[in-house]
Amino acid sequence: MTDKNDLTAAVAAGVVGSEEAFRALLSAIVEVARSIFGAKASSIVLLDEETDELVFEAVVGEGEDTLLGMRYPAGKGISGWVLATRTPLVIEDVHQDPRFASDVAEDTGYVPKGLMAAPLLYEDRTLGVLSVLDRPEASLFSLQEMELLGLFSNQAAIAVDLLLKARKAERILGGNGTDLRVIARLAAAVDALEEERREAGVRLLGELAAMLGAKQS
Amino acid sequence: MRDVTGHGEGAPEAPLPAWSLPRDAVDGIALPAEWPEQVTREWAWGGSTGKGARVCILDSGVEAAHPMVGLLESAVVITLGENEQVLAQEDTEGDVSGHGTACAGIVRSLAPECSLSSVRVLGASFTGSGAVLLAGLRYAVEQGFDVINMSLSTTKKPFAAVLHELADSAYFRRTVLVASAHNMPVESYPWRFSSVISVGSHEEPDPFAFFANPSPPVEFFGRGVNVEVPWLGGRSLTASGNSFATPHIAAICALILSKHPELTPFQLKNVLYLTATNVGGAQ
């Protein structure tokens with residue numbers, strides 16, 4: 001049994017793109033985050049509500065080969081605080097105290113001197129945390145950077161929301177066999193047509209809908 | 001306290017007072033303190049160490065006996081039991097992220113003799129953290145703290161109405177709620193409510209520099225950039241964010257309330273305004 005939302009998700013999956021495309025988008029986001037702050041690494045972790053864990057979804061710099069897909073508890077550590085309080089945070093270990101490393105390493109897998117972290121907020125949901133690790137040494141943090149981090153995480157949150165929607169659509173398609181996949185393939189095929197043929201395709205779908213007795217919304 | 005209720009027959013068992021002031025009751029509400037012609041920082045908190053003021057850190061817990069924090073009056077952890085029952089138990093775990101310890105250390109550095117307590121609302125799990133936050137705030141208000149430092153907020157609209165009610169309840173019970181403004185362009189609570197003192201960051205290094213904002217909802221800016229704070233394991237870090245500006249203002253509130261315990265949150269906010277660096281505090 002499928003409901004209206006499942007059909008919408010199926011059509012959306014055909015039109016909005018694949019998991020791979022969104023992964024590429026998230027990678028581009030962390031790459032830009034690292035670059036604009038001149039940092040050594042950047043990552044996005046997303047909340048898995050079912051297991052109450054944070055999962056690495058994109059990593060650039062240190063740890064990019066090992067961290068993807070790794071999980072840790074969502075309630076603790078610095079990312080846990082940022083996630084639960086929905087508040088950005090910047091900390092730097094100016095005294096180079098090695099004990100600092102163990103807390104952050106728990107989150108990130110490597111030993112940074114400092115980190116900036118901001119929540120990924122979309123509407124009233126908290127989706128995960130964007131982290132930027134090891135800004136250049138001897139550069140004091142400023143409010144301008146904080147604002148930039150906030151704006152940037154908002155943009156990242158929109159991309160993450162799209163990724164989560166695409167995943168949901170994929171899940172629904174996977175769970176419902178071929179009937180919905182046909183609709184998704186049809187939507188994708190029409191979307192990919194050249195202008196004139198696309199118009200013809202849309203007309204054809206209209207005729208098909210009329211034949212099946214679907215009323216215009 | 002004089003009873004000015006005006007209910008006749010048929011009034012409920014716990015009658016609501018009539019919100020009016022009969023002529024013969026005027027003497028009964030005389031102000032308990034003489035106000036100076038000009039409110040200065042010297043009048044507001046000169047010589048104060050925060051002694052007697054009770055400050056609560058509603059956060060991730062506090063590492064007790066950290067050299068930059070000292071002893072705590074109390075430490076509880078809030079959890080939800082079966083049927084959403086709120087449990088407040090002694091917190092033996094301490095701080096689960098380091099953040100609460102940082103806030104406590106900032107308060108201690110400005111108000112060395114105030115009493116510090118921790119109410120931990122983070123750490124159990126992420127799911128349900130909004131409900132625990134509400135329960136923790138309710139618990140803290142019931143304990144009658146003078147100042148509650150709340151360097152956190154929620155974006156969940158369904159919680160806004162209850163938070164609003166709690167913030168008003170704190171305001172009327174003379175508990176000052178000092179809440180971080182959100183650094184990001186999103187709707188979040190409770191800092192937007194007028195019954196709380198909301199705090200954003202400035203970049204000045206002076207911990208006593210604070211500014212009144214003529215364009216609310218953020219009402220004050222405190223020191224929030226590159227602040228040396230205590231962190232887990234007895235060590236210290238440099239931290240930035242509105243959540244570190246908030247305990248600076250909470251500490252100044254504790255200093256003022258220590259010297260002038262009769263002040264209501266409304267009066268306290270006025271004193272903060274009049275002593276802000278950009279108003280009269282620079283003199």
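1. Two strands pair if DSSP finds at least two bridges between them. Strand β4 of chain A (residues 89-92) and β11(B) clear that cut-off, with 3 bridges in the antiparallel sense. So the two strands count as a pair, although they belong to separate chains. Within this pairing, A:V90 has B:S240 as its bridge partner. Keep in mind that the model is predicted.

2. The wider interface comes next. On the chain B side, 40 residues are in contact with 39 residues of chain A. Strand β11 of chain B (residues 236-240) supplies the largest share of the chain B side, at 5 residues. By class, the chain B side holds 23 polar, 13 nonpolar and 4 charged residues.

3. Now chain A by itself. Chain A has 7 helices and 6 strands. Read from the N terminus, its elements follow the order α-α-β-β-β-α-β-α-β-β-α-α-α. Of its 217 residues, 38% are buried. Take the contacts in chain A between residues at least 6 apart in sequence: 63% of these join residues at least 24 apart.

4. Chain B contains an open sheet of 9 strands with mixed pairing. The strand order is β3-β2-β4-β1-β5-β6-β7-β9-β8. Which strands stand at the edges? They are β3 (86-90) and β8 (211-212) of chain B. Each has a single partner strand, so one side of each is left without a neighbour in the sheet.

5. The partner of β3(B) deserves a look. Strand β2 of chain B (residues 74-80) runs antiparallel to β3(B), and 5 bridges join them. B:I78 stands opposite B:A88 of β3(B). Helix α3 of chain B (residues 129-142) packs on the sheet. This helix touches β1 (54-59), β2, β3, β4 (115-120) and β5 (147-150) of chain B. The direction of α3 makes about 140° with that of β2(B).

6. Last, a helix pair in chain B. Two packed helices are described by the angle between their axes and the distance between the axes. For α2 (residues 99-110) and α5 (residues 242-259) of chain B, the axes come within 8 Å and cross at roughly 35°. The crossing of α2(B) and α5(B) is right-handed. On the α2(B) side, the residues that meet α5(B) are B:H99, B:A102, B:C103, B:I106, B:V107 and B:L110. Their counterparts in α5(B) include B:F244, B:P247, B:A251 and B:L255. What classes of residue make up the contact of α2(B) with α5(B)? There are 12 nonpolar residues, 3 polar and no charged.

Key. Residues are numbered from 1 along each chain as its sequence is written. Chains are lettered from A and ligands numbered from 1 in the order in which they are written. This is a predicted model: local features need pLDDT of at least 70, side-chain atom pairs count only at pLDDT 80 or more; totals for chains, interfaces and linings use all residues. Two residues are in contact if their C-beta atoms, placed from the backbone, lie within 7 Å. Helices (H or I, at least four residues) and strands (E, at least two) are DSSP runs, numbered from the N terminus. Ala, Val, Leu, Ile, Met, Phe, Trp, Tyr, Cys and Pro count as nonpolar, Asp, Glu, Lys and Arg as charged, and the others, Gly among them, as polar. Axes are lines fitted to C-alpha atoms, for helices over the stretch in contact, and angles run from 0 to 180 degrees between N-to-C directions. A crossing is left-handed if the near helix is turned anticlockwise from the far one by less than a right angle, and right-handed if clockwise. A residue is buried if 20 or more other C-beta atoms lie within 10 Å of its own, exposed if 12 or fewer, and partly exposed in between; C-beta atoms are placed from the backbone.
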